[in-house]
Amino acid sequence: MKRILSGNEAIARGAWEAGVHVGAAYPGTPSTEILEELSRFPHVYCEWSTNEKVAMDVAAGATFAGRRALAAMKHVGVNVAADSLFYASYTGAEAGLVIVSADDPAMHSSQNEQDNRRYAAFARVPCLDPADSQECRDYAIGAYELSEMFDTPVMLRTTTRINHSATPVEIGERVEVAADRKKFPREAAKYVMVPANARGRHPVVEERMRRIAAWAETTPLNRVERRGRGLGIITAGVAYQYAREVFPDASILKLGLVHPLPEKLIRSFAAGVDRLVVVEELDPFIEEGVRLMGLACEGKSIFPLM
């Protein structure tokens, strides 16, 4: 069955279908409607938390107890939640933990334009970047699977045009995911991040990111659309929609997983085109990653700021 949903509504629907039991958020445009919509579904505890850090802690605590959880906030809210995000990266969880960061390019309702793909790289967590409402629903479901596959929080990063635009979405039914444990796991070395334990977890986190990077090479979240070798565009999120419309004859590498980047896939794509361009919103995040691979490309960083 299909419905017309905004990106925010689709994220809530996907989380509910994935069997989420706890949703916590602090309101702020363009993220507010996610929890409002999620609260309308049965079998989910939802709360407006005191602030974004509390929302992150509530969600992390639920996942420690074996329940899938969602924390949602706008981009500047991740600044408030950063301490909790970083410890959750080191601890992992007993169930899927998804953090929605709703970024706001052009500052429609915000005091800055920060690009929270940077936070995903800083915190060593994977980051998904949907390009329409269908992907918002699909990536929300996939984020829980990714989280549990690699024992990591997952950032679902959106932008205003995705959050507030509405497109057709194929929806499904809820899948209940039972808690693996009835009691809180007393594993101090994993869940108590005092320095001695954190030092032991650091290599685990780095190895986890290497494994996710290998997985990124074959996941259908990243796909190549071949249309000749003249122009090749690497893009993600709503910028994919713009690139597809303006350059219908270009080959496109559409990234759904923007951190970590799939290096082998990018190299293969670059080798098959004459001109490589990166199209993205806000920071030259993907472009910088491509350049660090030693590949020549065009993008935001070659143009002066206006």
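Modeller: Two strands are taken to pair if DSSP finds at least two bridges between them, and the elements themselves are DSSP runs numbered from the N terminus, helices being H or I of at least four residues and strands E of at least two. The model is a predicted one, in which local features need pLDDT of at least 70 and side-chain atom pairs count only at pLDDT 80 or more, while totals for chains, interfaces and linings use all residues. Residues are numbered from 1 along each chain as its sequence is written, and side-chain values use heavy atoms, with hydrogens and water left out.

Strand β10 (residues 231-236) is joined by five bridges to β11 (residues 251-255), the two running parallel, and Thr235 stands opposite Lys254 in β11. Five bridges also join β10 to β13 (residues 275-279), again in parallel, where Thr235 faces Val279. Five of the six residues of β10 are buried, that is, under 20% relative accessible area with a 1.4 Å probe and protein chains only.

As for the space, one cavity of 30 Å³ or more is counted, a cavity being a set of points, on a 1 Å grid over the protein atoms alone, where a 1.4 Å probe fits but cannot get out. The largest cavity holds about 50 Å³, a volume being the space filled by probe spheres set on points joined across faces, edges and corners. Its lining, made of residues with an atom within 4 Å of a point, includes Ala236, Gly237 and Val238, and β7 (153-159) and α10 each supply at least two of the lining residues.

Key
Buried < 20%, exposed > 50% of the residue type's maximum accessible area, 1.4 Å probe, protein only. 1 Å grid on protein atoms, 1.4 Å probe; cavity = no way out; pocket = protein on both sides within 12 Å on 5 of 7 lines; lining within 4 Å.
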